[in-house]
Amino acid sequence: MASSLREKQATALKRMLNFNAPLTKATVAEPQWKVLVYDRFGQDIISPLVTVKELRDLGVTLHLNLHTDRDPIPDVPAIYFVMPTDDNIQRICRDFQNGLYESYYLNFISAVSRQKLEDIASAAVQSGTVQQVSKVVDQYLNFISLEDDLFTLRHQDREPVSYYAINRGDVKDSEIEATMDIIVDSLFSVFVTLGTVPIIRCPRGNAAEMVSEKLDKKLRENLRDTRNSLFAAEATPGQFSFQRPLLVVLDRNLDLATMLHHTWTYQALTHDVLDLRLNRVEIEEVVEEGAHSPSRKPRTKKKTYDMGNKDNFWVTQKGSPFPQVAEGVQEALDKYRAEEDEVKKLKAAMGLQGEDDAAISMLSDHTARLTSAVSSLPELLEKKRLIDMHTNIATALLEHIKHRKLDTYFEMEEKMMSKSTLSQSLMDIISDPEAGKPEDKVRLFIIALICGPPMSEAEIDQYCVALQASNCDLAAVQYVRRWKSYSKITATPSMYAGGGVSSTSMFTNLLSKGSSFVMEGVKNLVVKSHKLPTTRIVDALMELKSLQDVDDFRYFDPKMLRADSSNLPRNKSPFQEAFVFMVGGGNYIEYQNLMDYVRAKAPVSQKKIVYGCSDLANATLFLKQLAQLGKEI
């Protein structure tokens with residue numbers, strides 16, 4: 001299969017750091033030293049893809065933010081990786097005037113306008129640095145790859161593309177246009193990086209349709225300009241080029257419940273509870289000193305962990321339910337201890353006394369084993385580091401689960417979404433002071449509003465009184481009530497079909513092994529596979545199924561000479577590859593659901609789905625946006 005979006009973006013970045021020339025053996029062995037200057041967007045794009053060590057291997061001795069005070073380094077070339085904004089351009093022009101570097105390689109994250117190029121040129125002429133400006137390149141890398149099949153548009157400065165920005169009551173047309181342009185520019189970058197032109201499908205009458213129309217126009221204009229087309233390589237027949245990918249653009253309003261859903265899988269839990277950002281998670285750990293005196297609070301220090309695709313445990317377990325992850329960590333720990341014992345035994349054997357035959361024969365036998373043990377030591381240490389990391393993260397998650405009763409919330413929400421009967425009444429949980437934070441109760445109630453049985457206004461008011469008594473902020477609830485009355489979307493019984501959970505015997509092997517996880521009181525919930533609304537729509541569009549929700553979807557093919565208004569799908573064979581893009585924020589629950597769908601299909605057909613969203617918002621952030629909208633009603 002063709003290399004993933006993440007790999008292609010990483011390759012493009014490494015090429016850029018080699019002065020936009022392909023990496024050769026010579027440059028890898030002896031790279032030229034250079035300085036990397038980036039802005040906040042550049043930093044967010046580089047950090048999940050290239051480690052500091054890899055930067056050093058590529059010859060980057062210093063990496064700095066464009067808007068910090070930088071000292072002149074007159075005999076070193078500088079590679080800039082920034083957005084073409086007015087502030088950035090002005091700062092680059094100041095660098096020219098101050099003669100900071102030997103030469104300048106300007107790489108813009110998305111296309112720079114003619115006007116700004118002229119500004120740079122005139123600044124170079126005025127400061128006499130025309131000779132030093134070696135290259136100006138549009139990189140079209142305006143998106144953040146977090147996994148092989150997951151990308152997002154913004155991390156810092158994400159407000160312009162958030163759910164709040166798109167759904168504000170007093171939003172001006174010009175602001176919506178600007179937001180749509182940011183999204184389209186990034187999606188355009190994704191497909192330029194991939195070198196393919198997708199077929200676009202989207203629902204009517206919302207932000208997703210605006211994005212699709214603009215993207216279709218932008219791709220069409222680029223394809224028509226054959227001399228400068230960024231998709232020239234498309235013409236050459238290559239691997240898989242006979243079948244184009246499908247791009248499904250969806251609007252967040254299709255499914256608000258999933259954004260607030262309490263989750264049970266490892267990666268989504270880490271995002272919801274520990275605020276996983278750009279594959280990095282920060283945990284407060286107790287430092288032992290002072291812990292023995294009960295009066296003093298134990299000192300804590302923050303520790304940051306990177307979760308990458310080189311970490312095998314993370315790759316295999318990120319979509320697993322939490323109990324399974326805890327078992328996995330325990331098994332890995334036991335396996336590691338066994339390997340460590342092996343090395344210790346060898347050490348003991350090497351301390352043999354005397355020169356008798358037995359000792360010598362044992363020594364020769366052990367030498368081979370010792371050699372292999374020594375060579376596996378770095379690997380063992382790395383294993384130990386990863387096991388420790390996952391132990392700490394899982395322990396932190398477990399604390400939250402117990403403290404906030406997250407298993408109860410998850411079970412109840414799954415039952416609501418799958419329309420099965422609840423074992424405990426909604427009012428009980430809302431009025432239970434022990435059950436979770438106020439925010440958890442609001443999330444549960446909003447899901448009940450959207451997915452549960454219809455409630456009368458009087459019932460809703462009754463619940464609101466109970467929520468208020470539990471110190472809950474009701475602004476988000478007010479917004480969802482209004483949204484529900486306006487939106488045509490009602491959660492039909494089939495929308496979250498087939499979900500639900502079953503509780504199995506309590507973590508048997510965790511409890512029997514005297515594990516490091518104290519799991520008492522936490523339910524071992526097994527999630528039944530089910531499709532969220534997004535996955536159902538993608539399935540229908542990829543398999544060309546007739547589904548009431550998608551019958552009215554628009555169809556764009558930027559390669560067609562005329563944009564025909566008939567919108568009738570032309571292709572008759574199912575799609576093998578799809579990109580799903582959520583306007584207004586996405587999350588790991590939806591991403592994981594799509595990955596589970598691909599895995600379930602694997603025995604029959606090899607599907608490939610990449611999930612993207614304007615920003616990855618966890619439930620806390622999304623609830624804040626809903627509350628902000630609620631306050632403005």
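Predicted model: local features only at pLDDT ≥ 70, side-chain atom pairs only at ≥ 80, totals over all residues.

Reader: How many aromatic pairs does a search of the whole structure find?

Author: The search finds 17 aromatic pairs. Rings of Phe, Tyr and Trp (its six-membered ring) pair if their centres lie within 6.5 Å; planes under 30 degrees apart are stacked, over 60 edge-to-face, and the rest tilted.

Reader: Why is the pair of Phe143 and Phe151 called edge-to-face?

Author: The ring centres of Phe143 and Phe151 are 6.2 Å apart and the planes are at 75°, so the pair is edge-to-face.

Reader: What makes the pair of Tyr266 and Trp314 edge-to-face?

Author: Their centres lie 5.4 Å apart with planes at 70°, so this pair is edge-to-face. The pair links distant parts of the chain, 48 residues apart: Tyr266 is in helix α11 (residues 266-274) and Trp314 in helix α12 (residues 312-317). Helices (H or I, at least four residues) and strands (E, at least two) are DSSP runs, numbered from the N terminus.

Reader: Why does Tyr266 count as buried, and what puts Trp314 in that class?

Author: Tyr266 has 0% relative accessibility, so it counts as buried. Trp314 has a relative accessible area of 2%, so Trp314 is buried.

Reader: Which residues form one aromatic cluster?

Author: That cluster consists of Tyr80, Phe96, Tyr101 and Tyr104.

Reader: Where does the charged end of Lys218 sit?

Author: It sits over the ring of Phe188, 5.1 Å from the ring centre. The rule asks for NZ of Lys or CZ of Arg within 6 Å of the ring centre and within 35 degrees of the ring normal.

Reader: What is the volume of the second largest pocket?

Author: About 890 Å³. On a 1 Å grid over the protein atoms alone, a pocket is an open set with protein on both sides within 12 Å along at least five of seven lines; a cavity is a set of points where a 1.4 Å probe fits but cannot get out; lining residues have an atom within 4 Å of a point. Grid points are joined across faces, edges and corners, and a volume is the space filled by probe spheres set on the points. The largest share of this pocket's lining, six residues, comes from α15.

Reader: How many cavities of 30 Å³ or more does the rule give?

Author: It gives five. The largest cavity has a volume of about 80 Å³, and its lining includes Met259, His261 and Tyr588. α11 gives the most to that lining, with three residues. The second largest cavity holds about 40 Å³ of space, and α3 gives the most to its lining, with three residues.

Reader: How many disulfides are counted?

Author: The count is zero, where a disulfide is a pair of cysteine sulfur atoms within 2.5 Å. Cys93 has a relative accessible area of 12%, so Cys93 is buried. At 0% relative accessibility, Cys613 is buried.

Terms used:
Residues numbered from 1 in each chain as written. Heavy atoms only, no water. Buried < 20%, exposed > 50% of the residue type's maximum accessible area, 1.4 Å probe, protein only.
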